Amino acid sequence: MSRKIQPSEITPEALYISRRRFIKKAFLSTSASLLIASCSTQESDINPTLDPELSAFSSQTDDQGNILTPYNDITGYTNYYEFSTSKTQPTELAKNFVTDPWIIKIDGLVNNPTTLDRDQLLSMFESEERIYRMRCVEGWSMVIPWKGFPLKKILDIVEPTSDAKYVRFETVFDPEQMPGQNNPSFPWPYVEGLRMDEAYHDLTLLATGIYGKNLTPQNGAPVRLVVPWKYGFKSIKSIVHIEFVDEMPVSLWMAVGPSEYGFYANVNPNVDHPRWSQATERRIGESGRIETQMFNGYEDEVAALYEGMDLTINF
Amino acid sequence: MKISRIQIIGNLIGLLPAVYILYETLTGNLSADPIRTTTIITGRTSIYAMLLSLFCTPLARIFRMSVFHPIRKISGLFAFYYAFAHFLIFSFFDYQLNLDWIIPEIKQKPFLQVGLIALILLIPLAVSSFKPIRQKLGKYWKKIHRLVFFIAAIILVHITIASKGDIVDPIVIIAIYILAMSLRLPQLRSLKIKSLPDWLKHVNAYLTNKNNAS
């Protein structure tokens, strides 16, 4: 069970994983003491393969002082039903997923419909770093340093017409590469949507990377949406089609469970879900729970979008 | 009282998921969300053990093998142990015994209410598994233990609500439950093998530590 410690492992990644180690130890010692009298903790959960790029993020936090979720957790624990309903299997199953070449079609109610390939997407705008909290509807959350650009930069190019009321996004449909798309429980392909004002909002990101690196397939390579004040399932992955429409799109989760998953899906501790707590959440890498914030803590930025709306009806 | 081989083997098998959880915890491999993972493993184990216990009575009859009786007791008890561990992880590790969080969740969510009722109903079954209590209960023991049919049924409700989107998984478990129950239909009562092959007699005798195969 012993493992050689790589010289590179000592610092500086230790900075941002040290807290996690402490938390894990705390969890271990309480849980283990219930089961056995003594225990020895090991730290083999930390991947020895180190990347100097990652260390640049070692001391960063989000706007509320929350420490970044480790890279290995973000890339090793995902919801990507196109590959598997398991949280850990997409990492393996998506390993050889082809994201190059990649074409995104942008059309519908716009003046300038267009197609963009992968290289254009990755280079057409200067990429920004945005550290966002990601709150999954299942009651867990992460703090993720995204790389990407605001969706509105694309909107400014294609110029939606005044008839466009919503944006509809679609994930690639390729059951040969995505075995989960053979699961008959879901109406593939994955579809998500935003209202135009949400799409134009500065927080709404088209992400191409995390921790300064390009997205891994299981995180939605080559390009995905990130809408930090909404539940994670709104942040659709591996987009191939962006369409501007005049009617509210029906998302995959709305089709599967209309009483459970609404179009807006704003993070809201006051609107219950039949399975998961929306009042509290587990921050991945930490023990126990924390209280969920209205609009995932982005209330100042986005509350105005929903003024006058009953959020228990428009959930 | 002599301990039979099936008791040793059965209890060791029943401990495997707990050993797995302990090992994965100590090596830090319990995924990025250990609370969720352990909640699922303990819940699953409890359901599988309960389903196994439901098959024991019909199988004992069909195959004329007494070894299914100790298996029924062991699997029934492990169903309770893992259900209790499942509850402890929920209340202690996940919700940190914070009643301001736990009570509203239980009030809101029927699947939690159902799970809690099932756990409470399992307590008298587990307690009355001990021989002195079982003997004291006499003919009532059997009646009390018929509760498991109801408990298993409401647990199916619990897991059906708890599973997200994927309908295949709960359907398989519900089908297994229906199979176990249908083996109890009066029409199938006479379903028995004519005579047990010798090797199965030996297996039964070996596992139950009885010299005469029944």
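Which residues in H2(B) meet which residues in H9(B)? Ile47(B), Leu51(B), Leu54(B) and Phe55(B) in H2(B) meet Ile173(B), Ile176(B), Tyr177(B) and Ala180(B) in H9(B). This is a predicted model. Two topics follow: a helix pair in chain B and a sheet in chain A.

**The helix pair in chain B**

- Two packed helices are described by the angle between their axes and the distance between the axes.
- Helix H2 of chain B covers residues 34-63, and helix H9 of chain B covers residues 168-182.
- Their axes come within 9 Å.
- The axes cross at roughly 20°.
- Angles under 35 degrees count as roughly parallel, so H2(B) and H9(B) are roughly parallel to each other.
- The crossing of H2(B) past H9(B) is left-handed.
- On the H2(B) side, the contact includes Leu51(B) and Phe55(B).

- In chain A, 5 strands form an open sheet.
- Their order is S2-S1-S10-S5-S6.
- The pairing in this sheet is mixed.
- Strand S2 (114-117) and strand S6 (191-195) of chain A are the edge strands, and each pairs on one side only.
- Neighbouring strands of the sheet are turned by 15° against each other on average, direction ignored.

**One strand pair within the sheet**

- Strand S5 of chain A spans residues 166-171, and strand S10 of chain A spans residues 239-245.
- These two strands run antiparallel, and 6 bridges join them.
- One of the residues with a bridge partner is Val167(A): its partner in S10(A) is Phe244(A).

How values were computed:
Residues numbered from 1 in each chain as written. Chains lettered and ligands numbered in written order. Predicted model: local features only at pLDDT ≥ 70, side-chain atom pairs only at ≥ 80, totals over all residues. Pairing = 2+ DSSP bridges. Helix = DSSP H or I, 4+ residues; strand = E, 2+ residues; numbered from the N terminus. Axes fitted to C-alpha atoms, helices over the stretch in contact; angles between N-to-C directions. Parallel < 35°, antiparallel > 145°, perpendicular 65-115°, else oblique. Left-handed = near helix turned anticlockwise from the far one by under 90°. Contact = placed C-beta atoms within 7 Å.
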